[in-house]
Amino acid sequence: MGRTGKGWTETTPLLSPRAASYYHKPHASADVYVEMAAASAAAARPPLRSVLLGVDVGTGSARAGLFDEKGKLLGSAASPIQIWKEGDCIEQSSTDIWHAVCAAVKSACSRANVDGKEVAGIGFAATCSLVAVDADGSPVTVSWSGDSRRNIIIWMDHRAVKQAERINSSDSPVLQYCGGSVSPEMQPPKLLWVKENLKESWSMAFRWMDLSDWLSFRATGDDTRSLCTTVCKWTYLGHAHMEHIGAKGSRGMEACGWDDDFWEDIGLGDLMDGHHAKIGRSVAFPGHPLGSGLTPIAAKELGLVAGTPVGTSLIDAHAGGVGVMECVPAADSADDSEAICHRMVLVCGTSTCHMAVSRNKLFIPGVWGPYWSAMIPQFWLTEGGQSATGALLDYVIQNHVASPHLANRAASQGTSVFELLNKMLELMVQELNPPFLAALTKDMHVLPDFHGNRSPIADPAVRGVIYGLTLDTSESQLALLYLATVQGIAYGTRHIVEHCNAHGHEIGTLIACGGLAKNPLYIQEHADITGYPIILPRESESVLLGAAILGAVAAKKYPSLHEAMKALNASGQVVYPSKDPKVRKYHDAKYRVFRDLYEKQISYRFSMTESLA
C-alpha cells in the first residue's frame with residue numbers, strides 16, 4: 001500500500017485570519033514571515049514546567065530546593081552563612097543570610113536547569129532566630145560588640161536564661177500553652193534581655209521578627225507574620241485569634257491573639273504600641289499568599305520573576321513536619337482523618353524536634369504547646385525537643401583525641417566520619433562477639449543534655465553526663481562513645497514519646513527526616529529503643545519540600561496545606577525495631593540507667609546548693 005504524503009496545511013501552523021489576509025496582499029511586508037517564524041518556534045519550544053521552590057535557612061547554611069508537581073526534587077544548592085559565638089551569645093547577620101539565600105537559589109536553578117519563569121510558588125523556612133531591623137529595614141545590632149551586622153540572636157543562644165526564669169515566675173495563663181514555662185530559646189526572654197542590656201538597640205528597633213517571617217518580608221514587603229512562628233515562639237494564642245475573627249464573621253488577619261497583660265507583666269508592654277506593630281499586627285496561616293508576591297527588587301536578586309507567589313512561612317522543623325507527616329506507605333494511607341494523630345515526626349538536625357498533632361488540645365508538662373494551627377491548620381501541635389543532637393555528636397567526636405586521625409582516614413577513603421565509625425562498630429561486633437551491636441556499650445552510658453533539657457523535663461540547667469570513661473584514647477573507644485551518645489539521644493526520644501502518650505497522645509509510628517535521618521545506625525537504634533517503626537521519606541530534603549509546599553498553596557495549586565501534603569509527601573524505607581526480646585530487655589535496662597542519671601544529678605545539685613547555703 002503506497003504512502004500518502006501530507007498536504008502543506010497539515011504540517012505548517014495555520015495563520016490567523018488577519019495574518020492570512022495580510023499575507024495574500026500584493027507586496028506583503030516581511031513582517032508576516034517573522035510572525036510565521038515566531039509561531040513555529042513557539043510551537044517547537046517545550047511548555048514551561050510548574051516548579052516549586054523551597055528555601056531553608058539553617059544554623060550553618062542557606063539552602064534552596066526545586067521540586068516538580070509530584071514533590072520530586074529536581075535540584076538543590078547550599079551557601080554557607082556566618083555565625084559569631086561568644087559564650088552564651090550566638091549571633092548572625094540578616095544581610096549575610098539574604099546574600100546566601102540569593103546565591104543558593106540561583107545555584108539550585110542552574111543545577112536543575114530551571115528557568116526563573118518556571119517557578120510557580122515560593123516558601124521560606126528558617127530557624128526560630130530573632131531578627132532586629134529599623135524603620136528602613138536596616139540591621140539593628142543585638143550584640144555586645146555593637147557590630148550592626150550582628151542583628152540576629154540565633155535560636156540556640158542561651159543569654160536570656162535569667163529573663164526566662166523571671167517570666168516563668170509570673171504564672172501567666174499563656175504559659176500553659178508552652179508546656180508551663182518559656183524556654184530561653186523563645187523570643188520573649190530574648191526581647192527582655194535586649195531591653196535590659198542594649199537600650200540604644202531597643203529604641204532603634206522598628207521590627208522584631210522571627211527569621212522565616214523576615215525572609216518573607218524581605219521577599220515581598222508584606223509584614224504579615226506566620227501563625228507558626230508567633231504561636232510557637234512568641235506566646236501568640238492562635239485559638240484566641242480564630243475565636244475572635246469567628247465572632248466577627250471574618251477571615252481577617254488582624255493580630256488578635258496577643259495577651260497584652262502578659263507583655264505588660266513581664267516588662268515589655270511597649271511592644272503593644274501601634275496595635276503590636278513591632279511584633280506583628282497581622283498573622284496568617286502558613287502558606288497564605290503574601291502581598292503581590294516577589295517584589296521587583298527581590299526577584300532580580302533571586303533571579304526569579306516579580307509577582308511570583310510567596311507563602312507565609314514556617315519554622316524549619318515545622319516545615320520538615322509538613323514535608324513528611326503524610327509520607328506513609330500506600331497500605332497505611334487509609335482515608336482516616338485521625339490517622340495523622342498517631343504519628344510523631346522527628347526532625348533530626350543540629351537539634352531534634354518531636355512533633356505530633358491532635359484534634360483536641362493536650363496540655364503536657366514540659367512539652368511545648370498545645371499550639372493551635374502552628375503547623376497544620378485546624379490541628380493542635382505538641383512540640384517536644386532536644387536542644388543538641390547533631391551538635392552533640394559533632395562535639396563528642398571532634399573533642400576526642402582520636403578525632404583528627406579518624407577525620408583524615410575518612411577523607412582519604414572518600415567517606416564520612418559517621419560511616420567510618422559505623423563500619424568500625426560492625427568490625428568490633430565480629431571481634432568481640434557481643435550478642436548484638438548495641439551491647440557494646442553495656443559499660444558506657446550518656447545523658448545527652450549538654451545544652452540543657454528542652455523536653456520533657458524543661459530544665460536548661462541540666463548538664464550532660466558520660467559514665468564509663470577510661471584512659472583509652474583509641475579510635476575504638478571513640479566508636480563506643482559515639483554509639484553510647486546515639487543511644488542516649490534515642491533514650492531521650494523514648495522519654496518524650498512515653499511522656500506524650502501518658503498525657504493523651506496515642507503515638508504508634510515515628511517519621512524521621514533531617515541530616516541525622518540519613519545515618520542508618522542512628523535510625524535503627526531509635527527504632528530498637530522506642531519500639532516503634534520509623535518511616536523515612538522518599539525525598540530526603542524534607543524541610544525544603546515543606547517550604548516548597550507553602551509556595552504551592554500560595555500559588556493556589558491546592559485548596560489547603562493538608563491537601564498539598566497528601567499530594568506531595570511520599571514514603572520511602574520503613575525501619576522496624578528488632579524482634580529479639582534480648583535487645584528490648586537490654587535497652588529497657590539502659591533506659592533505667594538513663595533516667596537515673598538525671599535523678600542523681602538533681603540530687604547532687606541539691607546537695608551542693610545546700611553546702612553553700
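1. Three bridges join β4 to β5 (residues 89-92), and the two run antiparallel. Strands are DSSP runs of E with at least two residues, helices runs of H or I with at least four, both numbered from the N terminus; two strands pair if DSSP finds at least two bridges between them.

2. Before going on, a word on the source: this is a predicted model, where local features need pLDDT of at least 70, side-chain atom pairs count only at pLDDT 80 or more, and totals for chains, interfaces and linings use all residues. Residues are numbered from 1 along each chain as its sequence is written, and side-chain values use heavy atoms, leaving out hydrogens and water.

3. β4 belongs to an open, antiparallel sheet of five strands, ordered β4-β5-β8-β7-β9. Its edges are β4 (84-86) and β9 (207-210), each pairing on one side only.

4. On the helical side, the axes of α18 (residues 475-502) and α22 (residues 581-611) come within 10 Å and cross at roughly 85°; axes are lines fitted to C-alpha atoms over the stretch in contact, with angles from 0 to 180 degrees between N-to-C directions. The two helices are therefore roughly perpendicular (65 to 115 degrees). Residues in contact (heavy atoms within 4.5 Å) include Tyr491 and Arg494 of α18 and Tyr591 and Phe594 of α22.

5. For the overall picture, the chain has 22 helices and 21 strands. Of its 613 residues, 55% are buried, meaning under 20% relative accessible area with a 1.4 Å probe, protein chains only.

Conventions. Buried < 20%, exposed > 50% of the residue type's maximum accessible area, 1.4 Å probe, protein only. Parallel < 35°, antiparallel > 145°, perpendicular 65-115°, else oblique.
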